[in-house]
Structures are given as C-alpha cells and as structure tokens.
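Please look over the sequence and the model shown here before reading on. The report below covers the fold as a whole and then one annotated residue.

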Amino acid sequence: MTAPDRLSPGDPAPEFTLATDTGDQLSLTDLRGRRVILYAYPAAMTPGCTKQACDFRDSLASLQAAGYEVVGISPDKPEKLAKFRERDAITFPLVSDQDRSVLTAYGAYGEKQSYGKTVTGVIRSTFVIDADGKIERALYNVKATGHVAKLRRDLGLD
C-alpha cells in the first residue's frame, strides 16, 4: 500500500452514509447547509483519541455557535462507539467506517509512521467542510493533544 491521495481545499468532500454510535445512519448530505468538522481518529477509548474527543466535546458549544457541526469517524463498531460516548459524555455524532472506505476516500487511511515503523492504519486527520460540501481545510497527521485549540485559532474562533 502506498500513501493515500490527500484532499485539498476546493475538492468535493467524499459523500458517506454510516452507522452512528446511536445505531442511526448519518449522511454528509444530512449536514448540507452547515459547516462540518469531520475528524478521523484511530480507535475509541484509547488515551489520545479520548483526549481529542473530550477536547472537541468541551469546545462543542462554541464551535456550534460559530456554525460548525462536529462528527468523529473511526473504524470502530457502533457498539464500541456507544460505549465511548457513554463513558466520556461525547455530545456529537461518532460514525463507524468498519471497511475504512470513507477514511480511504478522505486520505485518512493508509501508510503512516508509528514509532519509527511504517504501518497501515488511520491517519489522525481533520477536515473542515463548507456548507456546500467542499473541503475548506484538510489537515493530516494532526496531534491528539492541542489540535482542537490550534484548529480554533486557525478558524479565528479564539
């Protein structure tokens, strides 16, 4: 496997319909007309992913006030996502991409470096999608800690 194709500002955001942590389905088209922050993370209930989810949770009210919806995406099963939501009081949708097709379409699944080794997995990434479904920002290899604060600054929210 080679490095995934990456999205750039102006590209159409790949469409998806995925199962959520509540057992419902969520489609990107359901959110059309609103700006969306879609963030890809490797695995629910791991330390880094928990920190990142809690940072988004803690910033959710101000992000929503600025017109953004937040959605987390990982290859975890909906049942694990439900436990994650309950355990950490996550207040935004978590979607399950078990076959990794959506993560791949976003360039957030493929070869990456982990502790000096090349491995295949989820590339921690964040996508800001405009109200028309186009990529505004595509941020790859982001850090779990401090990323939400940096994103808020980049979006002019702080």
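This report describes a predicted model, beginning with the chain and ending with a single site.

## Secondary structure

The protein chain contains four helices and nine strands. Read from the N terminus, the elements follow the order β-β-β-α-β-α-β-α-β-β-β-β-α.

## Overall shape

The protein chain has a radius of gyration of 14 Å, close to the 15 Å given by the globule rule for 158 residues, so it is as compact as a globular protein of that length. Along the principal axes, its C-alpha atoms fill a box of roughly 40 × 35 × 30 Å.

Of the 158 residues, 49% are buried. Looking at contacts between residues at least 6 apart in sequence, 62% join residues at least 24 apart.

## Surface and charge

The charged side chains number 21 positive and 21 negative. The centres of these two sets lie 7 Å apart.

## The annotated residue

An unreviewed UniProt entry lists Cys49 under "active site". Cys49 lies in helix H1, which covers residues 47-65.

Is Cys49 buried or exposed? Its relative accessibility is 2%, and buried means under 20%, so Cys49 counts as buried. Leaving aside residues up to four places away in sequence, Cys49 touches Tyr41, Pro42, Ala43, Phe84 and Arg124.

Conventions. Residues are numbered from 1 along each chain as its sequence is written. This is a predicted model: local features need pLDDT of at least 70, side-chain atom pairs count only at pLDDT 80 or more; totals for chains, interfaces and linings use all residues. Side-chain values use heavy atoms; hydrogens and water are left out. UniProt positions are given in the numbering used here, feature names are shortened, and annotations may be inferred rather than shown by experiment. Helices (H or I, at least four residues) and strands (E, at least two) are DSSP runs, numbered from the N terminus. Buried means under 20% relative accessible area, exposed over 50%, partly exposed in between (1.4 Å probe, protein chains only). Contact means heavy atoms within 4.5 Å. The radius of gyration is taken over C-alpha atoms; the globule rule is 2.2 Å times the number of residues to the power 0.38. Lys and Arg count as positive and Asp and Glu as negative; His and the chain ends are not counted. The place of a charge is taken as NZ of Lys, CZ of Arg, CG of Asp or CD of Glu.
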